[in-house]
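Here is a short tour of one protein model.

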Amino acid sequence: MNVVRLDPKQLLAHAGELADLLVDTVDGGASVGFLAPMDRALAESWWKERAAGPYAVWVAVEDGRVMGTVSLAYPDKPNSRHRAELVKLMVHRTARGRGLGRRLLDTAERAAAAEGITLLHLDTETDSPAEHLYRSAGWTRVGVIPDYAADPAGVLRGTTLYYKRPTR
Ligand SMILES: CC(C)(COP(=O)(O)OP(=O)(O)OC[C@H]1O[C@@H](n2cnc3c(N)ncnc32)[C@H](O)[C@@H]1OP(=O)(O)O)[C@@H](O)C(=O)NCCC(=O)NCCS
C-alpha cells in the first residue's frame, strides 16, 4: 500500500474514485458531512471543488485502487496560518482494520509538521470508531458539542473536538 499526496490536477483525475469512497463511507453510516443515500454525482463534484484549495489530499492506493484518503483544510484567515483542520479520513469498508487509517493519519500529521503547521484540530462523531484511533494517536480530547450534526440517517448526533501539536 502506498500513500501519496495528490496535486490539484491529480485530484481532479481521481475525483471519481474518491467519490466512490465517499459514497461507501456515507452509505456505511459514517458522519462525514452528508446524508444517505449519497449521490455519486454530488460526491464527485464535491471532490473536484476541493482542487481549488486551500486543501491537501492524500490517498492510500492498493493494487492501483484508492482504498483510503485523508485531507488537511487550511483556514484563509491571516491570523491562522499555523493551523489546519484534519478532515475526511476515510477507509473503504473492505479495507478497514488493517492499519490504513492509522497510516493516513500519521502521513497527514508529519506533512503538516514539515510545512510548519503547529496545531491540528478535528471533530468526529462522538463514540464513533474513529475516536479510538485519534486518542491512541495522541490527540487531545477537548469536549463534546451535543446535537452537532445529522448522521447519514438524519439523526442528530454529538461531535467530539480534538487537537494535536504535530511532530515530524
Ligand atoms: C476511522 C477509520 C478511518 C479507521 O480506519 P481503519 O483503516 O479501519 O483503521 P486502522 O486499521 O488503522 O485502525 C486504527 C485503530 O482503530 C481501531 N479501530 C478500527 N476500527 C474500529 C472499530 N470499528 N471499533 C473500534 N476500534 C476500531 C483499530 O483497532 C486500531 O486501534 P489499535 O491499533 O489500537 O488496534 C475507518 O473506520 C473509517 O473510514 N470510518 C468511517 C469514516 C470516519 O468515521 N472517519 C472519521 C471522520 S472524523
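## The buried face of H4

In helix H4, the buried residues are Leu 100, Gly 101, Leu 104, Leu 105, Ala 108, Glu 109 and Ala 112; buried means that 20 or more other C-beta atoms, placed from the backbone, lie within 10 Å of a residue's own. They lie on the same side of H4, because their arc around the axis is only 165 degrees, taken from the directions from the helix axis to the C-beta atoms. An α-helix has 3.6 residues a turn, so residues three or four places apart point the same way.

This is a predicted model, in which local features need pLDDT of at least 70 and side-chain atom pairs count only at pLDDT 80 or more, while totals for chains, interfaces and linings use all residues. Residues are numbered from 1 along each chain as its sequence is written.

## Length and end of H4

Just after H4, Gly 116 has a positive phi of about 90 degrees.

## The whole protein

The protein has five helices and seven strands, in the order β-α-α-α-β-β-β-α-β-α-β-β from the N terminus. Helices (H or I, at least four residues) and strands (E, at least two) are DSSP runs, numbered from the N terminus.

Of its 168 residues, 28% count as buried. The C-alpha trace spans about 35 × 35 × 35 Å along its principal axes.

Key
A residue is buried if 20 or more other C-beta atoms lie within 10 Å of its own, exposed if 12 or fewer, and partly exposed in between; C-beta atoms are placed from the backbone.
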